[in-house]
Structure formats: structure tokens, C-alpha cells
Amino acid sequence: MVRAAVFAGLLAVAACRVRAPAPLDILALTRAEGSEGARRTLVARVLADPRDVQARLALAVLADKLGRPSEAIAQLDEVEALGGPAGARWHAEDRARLGRLVHARAAVRLARGAAAALADLQRARGLGEAVTEAELTSAREVAAFA
């Protein structure tokens, strides 16, 4: 009876195990295929396995370099949502990248008077980005008028 319970537990753990994706060398991929070719390869890899954190992180780096901040934010948001036992499976530089991108988006939203700037600024601050009190005050004023 105890053996059956232990065996069932091991099967459940094995079934839930996250498959470790192949490591990515984004520089080599970019050199071999060019920036847009590398992007297409990474998008195909994400479509084939939506839980491939390494491909999503590489795609976020490439999207940021290609001037596609919304795509980079979307990929980093997915990595954060996928999480893991100890939280998001990313490095400090990935978290900093998301903070920087969200902060930049907040600045654009604030400039056009969008109330969503406040939430972006608060999120950027939570990610470790240096958000000033002046920015938060301006965003609160914009949100109050909206």
C-alpha cells in the first residue's frame, strides 16, 4: 500500500517536471540567420513549445535590440507567468530589462495623458527600476483627470 502511494507520487512529480530546453546562443543564432531570421526561429520554437523559457528570454533580448519593446515585454510577462517553484525563471538582467521597458512605456503613456502610466510606473518600481516621486505624482494627476 505504501509502495503504491510512493510510486504514484513519483509518477506525479515526473509528469509535472518541466522539460529543460536546449540552451540558446543568441549571438551565434543572429550571426547565422541575421536578426529577423533569428527572430523567426525563436518564434517558431516558442510556438512549438510555449513553456520554453529560454526561447522566450532570448526572444525578449532580440526584440529589445530590434526596437520591439512591446514584444519584449510580452515575452518577459509570459516568463514571469510561467513561474516556477521559486518564482520567475529569469536572471537579474531579465528583470532589469522588463523594469526598464515598462518604465519607458510608462513615460510614453504619461506624455500622452494615459491613466495606465501610473500602473506601469508602480510595476517598474516593483521590478527595481528607479522611478521618481515626480513621475508618480504626474501619473496620479493624469489618472485623476482620466
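User: Which residues is Leu76 in contact with, leaving aside neighbours within four places in sequence?

Analyst: In this predicted model, Leu76 is in contact with Leu57, Ala60, Trp90, Asp94, Arg97, Leu98 and Leu101, once its neighbours within four places in sequence are left aside.

User: Which residues have the most contacts inside the largest nonpolar core?

Analyst: Leu57, Leu76, Trp90, Leu98 and Leu121 have the most contacts inside that core, which has 21 residues. At least two of its residues come from each of α3 (53-65), α4, α5 (92-111), α6 (116-126) and α7 (133-145). The helix that gives the most is α4, with 5 residues. Another core, of 8 residues, lies apart from this one and includes Leu29, Ala55, Leu59 and Leu62.

User: Back to α4, then. How many residues does α4 have, and what is its reach from first C-alpha to last?

Analyst: Helix α4 runs over residues 69-82, which is 14 residues. From its first C-alpha to its last it reaches 20 Å, close to the 20 Å expected at 1.5 Å a residue.

User: Which residues of α4 are buried?

Analyst: The buried residues of α4 are Glu71, Ala72, Ile73, Gln75, Leu76, Val79 and Leu82.

User: And what about Gln75: why does it count as buried?

Analyst: Gln75 counts as buried because its relative accessibility is 10%, under the 20% cut-off. Leaving aside neighbours within four places in sequence, Gln75 is in contact with Val46, Arg56, Leu59 and Ala60.

User: Changing topic: at what angle do α5 and α6 pack?

Analyst: The two helices pack at an angle of about 155 degrees, and their axes are 8 Å apart. An angle over 145 degrees counts as roughly antiparallel, and α5 and α6 are therefore roughly antiparallel to each other.

User: Is their crossing left-handed or right-handed, and which residues make the contact?

Analyst: The crossing of α5 and α6 is left-handed. On the α5 side, the contact is made by Arg95, Leu98, Gly99, Val102, His103, Arg105, Ala106, Arg109 and Leu110. On the α6 side, it is made by Ala116, Ala117, Asp120, Leu121, Arg123, Ala124 and Gly126.

User: What does Arg105 contact beyond its neighbours within four places in sequence?

Analyst: With those neighbours left aside, Arg105 is in contact with Ile73, Asp120 and Arg123. Arg105 and Asp120 are 15 residues apart in sequence, and their C-alpha atoms are 7.3 Å apart in space. Arg105 lies in helix α5 and counts as partly exposed because its relative accessibility is 27%.

User: And Ala116: where is it, and why does it count as partly exposed?

Analyst: Ala116 has its place in helix α6. Its relative accessibility is 33%, so Ala116 counts as partly exposed. The C-alpha atoms of Ala116 and Arg140 are separated by 9.9 Å, although the two residues are 24 apart along the chain.

User: To finish with the whole chain: how many helices and strands are there?

Analyst: The chain has 7 helices and 0 strands, and its pattern along the sequence is α-α-α-α-α-α-α. Of its 146 residues, 32% are buried.

User: What share of contacts joins residues at least 24 apart?

Analyst: Among contacts between residues at least 6 apart in sequence, 48% join residues at least 24 apart.

Note on methods
Residues numbered from 1 in each chain as written. Predicted model: local features only at pLDDT ≥ 70, side-chain atom pairs only at ≥ 80, totals over all residues. Heavy atoms only, no water. Helix = DSSP H or I, 4+ residues; strand = E, 2+ residues; numbered from the N terminus. Expected span 1.5 Å × (residues − 1). Buried < 20%, exposed > 50% of the residue type's maximum accessible area, 1.4 Å probe, protein only. Core = buried A, V, L, I, M, F, W, Y, C linked by side-chain atoms within 4.5 Å. Contact = heavy atoms within 4.5 Å. Axes fitted to C-alpha atoms, helices over the stretch in contact; angles between N-to-C directions. Parallel < 35°, antiparallel > 145°, perpendicular 65-115°, else oblique. Left-handed = near helix turned anticlockwise from the far one by under 90°.
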